[in-house]
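Please look over the sequence and the model shown below before reading on. The paragraphs after it go through the structure step by step.

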Amino acid sequence: MKRLQTMLLAFVLMGSTTVIAQKIKLTEDRLQAVDVSMSLEKIKGKKALRVVKDSTVNEVDEPTFVRINGINFTNGTIEVKVLSRLLKDAPAYARGFIGLAFHINDSNTKYESIYIRPTNGRADDQVRRNHSIQYYSYPNYKFDRLRREAPEKYESYADMALDQWITLRVVVNGSGAKLFLNDNKQPCLVVNDLKHGANASGAIGLWVEIGTEGYFRDLKVHQD
């Protein structure tokens with residue numbers, strides 16, 4: 001009897017999570033381009049949002065994303081499928097950078113971000129592999145400062161490649177965030193000290209960097 005009650009409770013909890021989770025339709029009325037171009041297209045038989053960074057933005061780790069209107073996110077889970085390719089004019093240091101921004105303030109001048117570098121996932125250079133995943137915090141903690149002041153703490157490795165759908169799932173709880181890739185049960189990156197603090201909240205963004213032709217689909221948000 002006790003086992004049956006436990007199973008019923010599990011089903012109830014699973015059901016409630018499904019109800020709370022919100023699938024966000026990537027339609028133009030919900031989207032705001034911030035120093036990027038965007039278009040709704042079909043790729044590999046799937047409808048997706050194509051995002052490319054504005055070429056006039058020369059700095060890296062900048063607010064170059066599609067901002068999702070109508071969401072104020074604090075804690076919970078953000079999940080999205082991403083695919084990146086290199087543009088024909090991509091510089092040699094392009095890595096297919098693509099990811100998520102969250103806790104974006106109203107003026108797009110403060111936010112947290114976790115992104116991936118798909119070309120690094122299967123590189124012959126082990127150091128590059130170790131830089132497959134990146135956390136940064138805008139504006140004061142970009143990747144170069146974090147790498148210099150806390151080597152290896154905000155980056156990690158995971159298997160990935162260009163031109164394939166990859167599921168990113170970011171779980172935020174207070175001052176901590178974890179990134180899960182695809183169906184992995186264990187996180188590929190653990191951040192315990194989000195730079196904007198445990199009480200930060202704000203919008204969600206679909207982020208790309210230089211040289212990337214990025215695609216996003218199946219965005220889901222579950223707020224705790």
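What follows covers confidence, the sheet, one glycine, the nonpolar core, the aromatic rings and the salt bridges.

This is a predicted model, in which local features need pLDDT of at least 70 and side-chain atom pairs count only at pLDDT 80 or more, while totals for chains, interfaces and linings use all residues. Residues are numbered from 1 along each chain as its sequence is written, and side-chain values use heavy atoms, with hydrogens and water left out. The predictor's confidence in each residue is given as pLDDT, from 0 to 100. Its mean for the protein is 93, and 91% of the residues reach 70 or more. Residues 4-19 are another matter: pLDDT stays under 50 there, and the model has one contact beyond four places in sequence for this stretch. Contact means heavy atoms within 4.5 Å.

Helices (H or I, at least four residues) and strands (E, at least two) are DSSP runs, numbered from the N terminus. Two strands pair if DSSP finds at least two bridges between them. Seven strands make up an open sheet in the order E2-E5-E14-E7-E8-E9-E10, and their pairing is antiparallel. At the edges stand E2 (31-34) and E10 (155-156), each with a single partner strand, so one side of each has no neighbour in the sheet. The antiparallel strands E9 (residues 133-138) and E10 are joined by two bridges. Opposite Glu 155 in E10 stands Gln 134.

Strand E6 (residues 76-86) contains Gly 76. Is Gly 76 buried or exposed? Gly 76 is buried, because its relative accessible area is 0%; buried means under 20%, exposed over 50% and partly exposed in between, with a 1.4 Å probe and protein chains only. Not counting residues up to four places away in sequence, Gly 76 touches Val 170, Val 171, Val 172, His 222, Gln 223 and Asp 224. Between the C-alpha atoms of Gly 76 and Asp 125 there are 35 Å, for residues 49 apart along the chain.

A nonpolar core is a set of buried Ala, Val, Leu, Ile, Met, Phe, Trp, Tyr and Cys residues joined through side-chain atoms within 4.5 Å. The largest nonpolar core has 53 residues, of which Ile 116, Ile 133 and Leu 181 touch the most other members. Leaving aside neighbours within four places in sequence, the contacts of Leu 181 include Ile 116, Ile 133, Ala 158 and Met 160.

Rings of Phe, Tyr and Trp (its six-membered ring) pair if their centres lie within 6.5 Å; planes under 30 degrees apart count as stacked, over 60 as edge-to-face and the rest as tilted. The structure holds eight aromatic pairs. One of them joins Phe 65 and Tyr 111 edge-to-face, at 5.4 Å centre to centre and 90° between the planes. Phe 65 lies in strand E5 (residues 65-73) and Tyr 111 in strand E8, so the pair ties together parts 46 residues apart in sequence. Phe 65 counts as buried, at 0% relative accessibility, and Tyr 111 is buried, also with a relative accessible area of 0%. Tyr 111 and Tyr 136 form an edge-to-face pair too, with 5.8 Å centre to centre and 80° between the planes. Since Tyr 136 lies in strand E9 and Tyr 111 in strand E8, this pair ties together parts 25 residues apart in sequence. One aromatic cluster is formed by Phe 65, Phe 97, Tyr 111, Tyr 115, Tyr 136, Tyr 138 and Trp 207.

Charged side chains come last. A salt bridge is a side-chain nitrogen of Lys or Arg within 4 Å of a carboxyl oxygen of Asp or Glu. The structure holds 14 salt bridges. In one of them, the closest N and O atoms of Arg 85 and Asp 163 are 2.7 Å apart. This pair links distant parts of the chain, with Arg 85 in strand E6 and Asp 163 in the loop between E10 and strand E11 (166-173), 78 residues apart. Arg 85 is partly exposed, with a relative accessible area of 29%, as is Asp 163, at 32%. Lys 44, Arg 85 and Asp 163 are linked in a network of salt bridges.
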